[in-house]
Amino acid sequence: MICAGGIGEGSTPEDSGGSMMTIINDKFYQQGIIAGGDMFTVAGRSDTYEDHGYYTDICQYCDWIKEMTKGEVECEN
């Protein structure tokens, strides 16, 4: 699992199954899959939420992904 998020960042309700992406040198990389999370109101603000998301760390599944896609998708190190 990867934990991520913060005030105004991260996943929102019903995002489960979506991608956790990062950009490195102008290239997108998928690093996780949204597994769930919790949203909390920020103290003193009723209009701002803090998201604590939980993501499946896909690097743990690189061999399986390669096998299931018959080699069409591979992880980069």
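Lys27 is partly exposed, with a relative accessible area of 40% (buried is under 20%, exposed over 50%, partly exposed in between, with a 1.4 Å probe and protein chains only). The model is predicted, so local features need pLDDT of at least 70 and side-chain atom pairs count only at pLDDT 80 or more, while totals for chains, interfaces and linings use all residues. Residues are numbered from 1 along each chain as its sequence is written, and side-chain values use heavy atoms, without hydrogens or water.

Lys27 is joined to Glu76 by a salt bridge (a side-chain nitrogen of Lys or Arg within 4 Å of a carboxyl oxygen of Asp or Glu). The closest N and O atoms of Lys27 and Glu76 are 3.1 Å apart. Glu76 counts as exposed, at 53% relative accessibility.

Two salt bridges are found in a search of the whole structure. Besides Lys27 with Glu76, the side chains of Lys66 and Glu74 form one, at 3.7 Å from N to O. Lys66 is partly exposed at 39% relative accessibility, and Glu74 is exposed, with a relative accessible area of 51%.

Strand β2 covers residues 19-24 and contains Ile23. Ile23 has 55% relative accessibility and therefore counts as exposed.

Note on methods: Helices (H or I, at least four residues) and strands (E, at least two) are DSSP runs, numbered from the N terminus.
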